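Student: Hi! I'm new to this one and would like a guided look around. Can we go through it together?

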Amino acid sequence: MSQLEKIYGVHAVQALLKHHPKRVKQIWLSEGRSEPRLETLLALAAENRVPVGQAERRELDAWVEGVHQGVVAEVSPSQVWGELMLEELLERTETPPLILVLDGVTDPHNLGACLRTADAAGATAVIVPKDKSATLTPVVRKVACGAAEVIPLVAVTNLARTLEKLQQRGLWVVGTAGEAEQEIYQQDLTGPLVMIMGAEGKGMRRLTREHCDFLVKLPMGGSVSSLNVSVATGVCLFEAVRQRQAKR
């Protein structure tokens, strides 16, 4: 059991059962937990022969840090994609790729929110550097509400080199920076695209910035100088979605 991870929350556990059922080894519900929104989860568990047990709520509280909603699953360790899998993804993509890069986002809540937004926007993948970046954890999966089980998260050793390879494949690299002269609404986002969001507070690293084909900013009309990275990610990705739909 020590080698298993504990994933919690109704949406996160249900998404695992739907997309990667073989990873789920055991599900625990808090005693007396029975309500309509668990029906799909329990049906998937039965379909995939995943045992479901009951435990006292205080036991579940001790197992995980966060709001587990009375549902905890023991699963095989998380899988983060490697760089070779990114090549396969791009080969299989029939529409212009839309890739999100998070340059040093370390807060797991922000990573989870960005994964959820990227999945909703139909992004091809999310890329993060292996070092100094949040990775898949139970907290990330809970915040992502199932998106972490669907959208590929690719961890790369050298982000600058990865951006160069993507540019060689014909993708345009757009970075976000508060001091950029052009607003995102003025930038063409309809082609093969890499959208880079910088770290909380610090923004993009210098080397990452140097590999951008374009820099864009969000117009800020109030007293704050920037948005939370997950909020900014939503604005940027869905502007790309809007432009692509308009072009069709």
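**Strands, helices and a listed site**

Tutor: Happy to. I127 stands opposite V154, which is in β7. This is a predicted model, where local features need pLDDT of at least 70 and side-chain atom pairs count only at pLDDT 80 or more, while totals for chains, interfaces and linings use all residues. Residues are numbered from 1 along each chain as its sequence is written, and side-chain values use heavy atoms, leaving out hydrogens and water.

Student: What joins β6 to β7, and how do they run?

Tutor: β6 and β7 run parallel and are joined by 4 bridges. Strands here are DSSP E runs of at least two residues, helices are H or I runs of at least four, and both are numbered from the N terminus. Two strands pair if DSSP finds at least two bridges between them.

Student: And how does the chain cross from β6 to β7?

Tutor: The chain goes through helix α6 (residues 138–144), in a right-handed β-α-β crossover. Right-handed means that, with the strands pointing away from you, the path from the first strand over the helix to the second runs clockwise.

Student: Are the faces of β7 covered or open?

Tutor: Both are covered: L153 and A155 are buried on one side, and V154 and V156 on the other. Buried is under 20% relative accessible area, exposed is over 50%, and partly exposed is in between, using a 1.4 Å probe and protein chains only.

Student: What's the strand order in the sheet?

Tutor: The open sheet has 7 strands with parallel pairing, in the order β7-β6-β5-β10-β8-β11-β9. Its edge strands, β7 (153–156) and β9 (182–183), each pair on one side only.

Student: How many bridges join β8 to β11?

Tutor: Strand β8 (residues 172–176) has 3 bridges to β11, and the two run parallel. T176 has V216 in β11 as its bridge partner.

Student: Which strands does α9 touch?

Tutor: α9 packs on the sheet and touches β5, β8 and β10, with its direction at about 160° to that of β10. Helix α7 (residues 159–168) lies across β5 (98–103), β6 (125–129), β7, β8 and β10, at about 165° to β5. Contact means heavy atoms within 4.5 Å. Axes are lines fitted to C-alpha atoms, for helices over the stretch in contact, with angles from 0 to 180 degrees between N-to-C directions.

Student: New topic: which residues does UniProt list for "binding site"?

Tutor: The unreviewed UniProt entry lists G198, L218 and L227. They are spread over 30 residues of sequence but cluster in space, with a largest C-alpha distance of 13.2 Å. UniProt positions follow the numbering used here, feature names are shortened, and annotations may be inferred rather than shown by experiment.

Student: Where does G198 sit, and what does it touch?

Tutor: G198 is in strand β10 (residues 193–198), and counts as buried because its relative accessibility is 11%. Leaving aside residues up to four places away in sequence, G198 touches D103, V105, T176, G203, M204 and V229.

Student: And where is L218?

Tutor: L218 is in the loop between β11 (214–217) and α9 (229–247). L218 has 17% relative accessibility, so it counts as buried. Not counting residues up to four places away in sequence, its contacts include L227 and A232.

Student: One last thing: what is the phi of K132?

Tutor: K132 has a positive phi of about 55°, although it is not a glycine. Most residues other than glycine have a negative phi. K132 is in the loop between β6 and α6, and counts as exposed because its relative accessible area is 75%.
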